[in-house]
Amino acid sequence: MAEIKKITHCLTLLPLFCGTLLGQPETSSGGADYVYTQPGEETYWLAVLYSGLGEEYTEEAADLLKESAEAGFAEAHNQVGLYYLNGYQGFRQSNRRAHLAFRQGAEAGSFFAMVNLANTYLTGTGCWRSPKKAREWALKAADPDADYYKSGPRADLYERLPEDARFEDPFSRGQATLSEEKPEPADLTRNFARTLLGFIAREEDEDETAALRWFRLASDIENEGFAGIQSAVVNAALGYALGKGTERNIEEADRYLRTFRKMGKRSVNAFANTMYQADQLNQLDLLEAKEEGKAAVAEMYESLRLDIGIALYLDEEEAFHDPAEAVRWLEKAAVAKDGVAEYHLGMIFLDTASPHDPIKGRRFLAESWEEGYLGLAGINLAHAMIRGIGGPSEKNRAHEILEQLTDFSGVPRHLLKGNELEGFLTFEELIETDAELAKAGNPDAKHAQSVRYFLGIGVRANARKARSLLEEAAARGQSDAIIFQALREKGNESPDLAEVRRLLRQAADLWNADAFYQLARLSEEENPENGIFERMEWLEQAVQIEPRHFAALDRLAREHYTLLKSNYYRNDPEGERRSVSRMEEIAATLSDNHQGSGKRILGLMHLEGEVFPADPERAYGLFEEAVEFEDGDAHYYLGKIHEEGIGRPVNPQQAELHFRKCGYSDATHDELRQKVLLQLLGEYNAGHSEFRNPRVALRWAAILTDMGYYQFGREMGDQFMAMESYRSAASFFKDVTLGWAPDFELIKGHAHYRLGQMYDEGLYYAADPSWAEYHYSHAVKEGHPEAYYWAADRILSSEEALPGMEFMKLAARSGSVNANLYLADHYMNPDGNPVDRKRGIRHLKEAVRLNSAEAMVRLARMTLEKEKAPLDFETAYEYLERAYNLDHPQAEFYLEQIEEKLDEKSRQPGEGGSWESRLG
């Protein structure tokens, strides 16, 4: 399912708190005799009118909205929540305040607020994630009988606006020329709630049948999705296509996908019309925007059909695996002519399983190759040509294709000789071919094998064997092996940089482009301020040897950019012109070869305005072109534009989406990738990201670990435990303790401790006290804090109090949750010793810092029951929400008591009981 998840992930993310969807009810103008019956209702609609007058009336609009909310008008609370969430209309962005405002609006009876509140609980926005509470509020809002608020500004309210800013009706401007029927906000919001319930059923209950039922309801399929939610429509289509939650029904899946396409076109038209009404598009731009939007919708539609076909073919272990059905979907997707569908069709027909048609298989691979889908399409087409599969043998043409692939995709040259291509259809056969050539003494094959043993690609990682093969290849003058030796030395904790430089120069003497490139990188890392011209010379050498050395081209362009930014050419306009010309030439070369870095570099020049005049819009366009070529760095800069509002409104959701794509992309430079992944993982751990999901966090941790940040290996194993994937956890921790995962040496103690737990509690392994003690003892030797606690507990149980307590304190200082809880009990509930309440609370707070739900509940309970409360009620409430999310059995009971205390406090005069202060 990996391929289909990749394309649909953006679609399954809910449109978080869209103002036009969930922000306000019906906005048609009311009549002159329209009667407002609720306190604050009239003030609310006057605030809405002021909000349409422009920035100079922002303060008046905000004051009126707060006044309406303080009067208790439910819809005003919801609107305030939206403004806090998006940092709009003078409200400073605050997820926490948004959540509280939505909660007040929901409790006051606003169904719009109920859905927004459910979304905050589900995504952990401004609160601790609670699918249970999300379900409760979403069920209320999804009820067909839910009475959603409908009203509008009364006609006479327009007369109360300032004369110089008065208008007839802000909600009907431009409608004479662009009128189109719109769904009721209540219908959209109800379906949004159903979509939430679908995701809760899938993620929390793992109930695909219930999820599909909710997605179908949210799709409004009978009205062709008129009031439906796009992510619900897509998930319903996938359910029918793959038989998830129902019998597979291709006709129904197609029906939902066609509805998705119609919905997309309507959304494009609505958005373009809105921009036109706001005078941000002229008539010509309006038509162009609609055409571009429709093309994007069509592309997404084809992508969905493509990935359904790929899933049906590739996921052999799934019940829905069906190559014959995959052909139907892939043939539909092949109309896009991008080569991807044709490649998979070729592989299906070449497969010996049904449907087997080698002639069709070879024809589709040839089409895929001609349409620019390189790599596997070319390799397998060459394989078919050499062996005469699906047509006559064409060895000369096959080797032409493979030579092109060497230039484009880095297919190892030692695999292109003679008829050594016999097994290219599978990765396993390619490894076998490499092994045979290495045994025969081929230095290129020895180098390839050494890399595989170092990284554990297709074989079990074996550093000793890898080093031996590498040394043999280097001794035979294999320049890539020499470079690899240099990079391994460079990666050591205390590298010998003189030796690194010597090895790289040795490889450079063998005219290896990578050697020149690595020399430039080493120079930049050692002395970034100087040596720029020497680096540029090395990079030009690399490009001269290998014109498509994209990394060298990228870095060369950056060096030119550094010179231009430093004003080096202030007295040399001709030199400046040459440098700019070279940069543009590099950008064109990279773009011609489907590399986005050239566009990205030009985009930076326009964004920063230090070479060209600052032009954020041009920069944005160049970055968008770069991401079409899968440039990860460009996603980072698009994220920064949306995050900081450079040339366009601030959009946190779009920023986070681009940051995620930057982090997932292998094409992102390591420093940016590390920065983004640490930020995303931090948000996950803090519970503030809409992407809070153990499986996603596991992937982030795995990427960081692969990049050399081995401390996240601990998190990988713990996530396996959290997901109850005990077999995976046992395998992972066992490899660490046996030294088969050398990169995880730093977490060996944690691995022993976890294995001890598994033997102790009978998780995956049968319960075995002797093996548990074995692993716990090794964890103590490695200094694991919880293992210290285990040892301290054993000593205390043998009545050796003094050494036992010293060991317990050591465990607490080392970060043991259990030891801190033990010491809190010791100091606050002593057996014959003086009470030391302060020390006990200090240990509980340390346990909270280590994410202990038990410590959170204890501190909150003390706040409720003791006169000298260790926390204020707001903090106690946050602790209990965290504990509830960690499934502590008593958290909900105390949450209700804290909520009562907070309500009492808010009603007390003179204690900040106003609505606004309660948000603070």
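View 1. Helices here are DSSP runs (H or I, at least four residues), numbered from the N terminus. The model is predicted: local features need pLDDT of at least 70, side-chain atom pairs count only at pLDDT 80 or more, and totals for chains, interfaces and linings use all residues. Residues are numbered from 1 along each chain as its sequence is written, and side-chain values use heavy atoms, with hydrogens and water left out. The end C-alpha atoms of H5 (residues 74-86) are 19 Å apart, which agrees with the 18 Å that its 13 residues should span at 1.5 Å a residue; the expected span is 1.5 Å times one less than the number of residues. Twelve of the 13 residues of H5 are buried (under 20% relative accessible area, 1.4 Å probe, protein chains only). Among them are Glu-75, His-77 and Tyr-84.

**View 2. Helix H10.** H10 (residues 185-203) reaches 27 Å from its first C-alpha to its last, close to the 27 Å expected. The helix is largely enclosed by the rest of the structure, because 17 of its 19 residues are buried.

**View 3. Surroundings of Tyr-148.** Not counting residues up to four places away in sequence, Tyr-148 touches Phe-111, Phe-112, Val-115, Ala-141, Ala-186, Thr-189 and Arg-190. Contact means heavy atoms within 4.5 Å.

**View 4. Thr-863 in helix H43.** Thr-863 lies in H43 (residues 853-865). Thr-863 has 5% relative accessibility, so it counts as buried. Its contacts, leaving out residues up to four places away in sequence, include Pro-870, Leu-871 and Phe-873.

Technical notes:
Helices (H or I, at least four residues) and strands (E, at least two) are DSSP runs, numbered from the N terminus. Buried means under 20% relative accessible area, exposed over 50%, partly exposed in between (1.4 Å probe, protein chains only).
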